[in-house]
Amino acid sequence: MTRIALVTCSRLPDLDPEDTPLLAAIAARGATADAVVWDDPTVRWEDYDLVVVRSAWDYAQRHDEFLAWAERVSVVTHLANPLPVIVWNTDKHYLRELESAGVRIVPTQWLEPERHLSSRALHTRFPAHGEMVIKPAVSAGSLDAGRYTAIDAQSRGLAIAHARRLLGENRTVMAQRYLASVDTVGERAHVFVSGEYSHSVRKGAMLDGPDVAVEGMYKEESISAIEAPAEEVEMAHDVIATARRLLDARPDAAGADDHQPFLYARVDVVSDDDGRPVLMELELVEPSLFPSFAEGAVDRLADAIVARAGIPAS
Ligand SMILES: Nc1ncnc2c1ncn2[C@@H]1O[C@H](COP(=O)(O)OP(=O)(O)O)[C@@H](O)[C@H]1O
Ligand SMILES: [Mg+2]
């Protein structure tokens, strides 16, 4: 019997509820699927034919540990998405590479901890007007992200303190203008399964003020199904193709990547102040895929997963 692990974290040992239907859908296709906690030391990963990363949402503060885990697993079994994809995509520096390759991203100031920037230097790099966002380059679930008012001295001071805290934890900080369309039009997430477009959802704004500690691993999201504009789906296709090309060229992908279409991908798009779509992030590791918002999405995912595990389509 083919065995498949759907990877989660200890706070969600039974997976995110969105993914629970996958267990039965995979079973119906003749394999067994288990929800497995990534940092559970008793798990024998080699017993699985395929390990699929799903709701492993607690890695942002333990990035090295997570990558070490992924490397160990990739040595003993087939990991999806593969190790080079996980290494590349868990750090938002990949956005810079996509930008160099021609993708329009949310304009970003990258503040690196090794530069030891003073408060004054941070201040000069922050947007001069409007609202702004401070967030870490390694993050998930909108944690450690805050929204500030650029021209308000007190708010700007909080933004500087926030950035300094993240830099002090040796984390890269991303400073961006707050894109007001996130409050009105909303962010759009376009989901692809094995290279094929599946469905899209709209996500309401996530940030309402300075960074504050939240209970749990992610902030609550307000999601609704949408019909995506064709041009945005086309843009999402291009983003994914560019990412595939960049990854194929990486030296660490030579023997370690399957070079197949990503098992799943989510392309998050927002509109800039001129109304043009720009990339917020491309999620290839542990995105919520919101299958409950689209007819047939669970089946498409289950088909793709069992195919990767070597079970032919019925
Ligand atoms: N520049 C921005 N303008 C408006 N909202 C933003 C911006 N950056 C982040 N956000 C909000 O914060 C959320 C989380 O940021 P994101 O970069 O997607 O990180 P994560 O990996 O935590 O999802 C987004 O879904 C969005 O609501
Ligand atoms: Mg996001």
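A polar contact here is a pair of N or O atoms within 3.5 Å; within protein, one must be able to donate a hydrogen and the other to accept it, and residues adjacent in sequence count only if both atoms are side-chain atoms. The model is predicted, with local features needing pLDDT of at least 70 and side-chain atom pairs pLDDT 80 or more, while totals for chains, interfaces and linings use all residues. Residues are numbered from 1 along each chain as its sequence is written, chains are lettered from A and ligands numbered from 1 in the order written, and side-chain values use heavy atoms, leaving out hydrogens and water.

**View 1. Polar contacts of ligand 1.** Glu187 places a side-chain N or O atom 2.5 Å from an oxygen atom of ligand 1. A polar side-chain atom of Gln176 is 2.9 Å from a nitrogen atom of the ligand, and a polar backbone atom of Met206 lies 3.2 Å from a ligand oxygen atom. The protein covers 98% of the 540 Å² of accessible area that ligand 1 has on its own (Shrake-Rupley method, 1.4 Å probe).

**View 2. The shell around ligand 1.** Among the 19 residues around the ligand, Lys92, Lys135, Ser142, Glu187 and Glu281 come nearest (a residue is near if one of its heavy atoms lies within 4 Å). Strands E6 (131–136), E8 (173–177) and E13 (277–283) each supply at least two shell residues (strands are DSSP runs of E, at least two residues; helices are runs of H or I, at least four).

View 3. Trp38 lies in the loop between E2 (31–37) and E3 (50–55) and Phe66 in helix H2 (residues 63–76), so the pair ties together parts 28 residues apart in sequence.

**View 4. Two backbone details.** Ala80 and Asn81 are joined by a cis peptide bond, with omega about -10°. Asn81 belongs to the loop between strand E4 (78–80) and helix H3 (83–89). Ser142, in the loop between E6 and strand E7 (146–149), has a positive phi near 60°.
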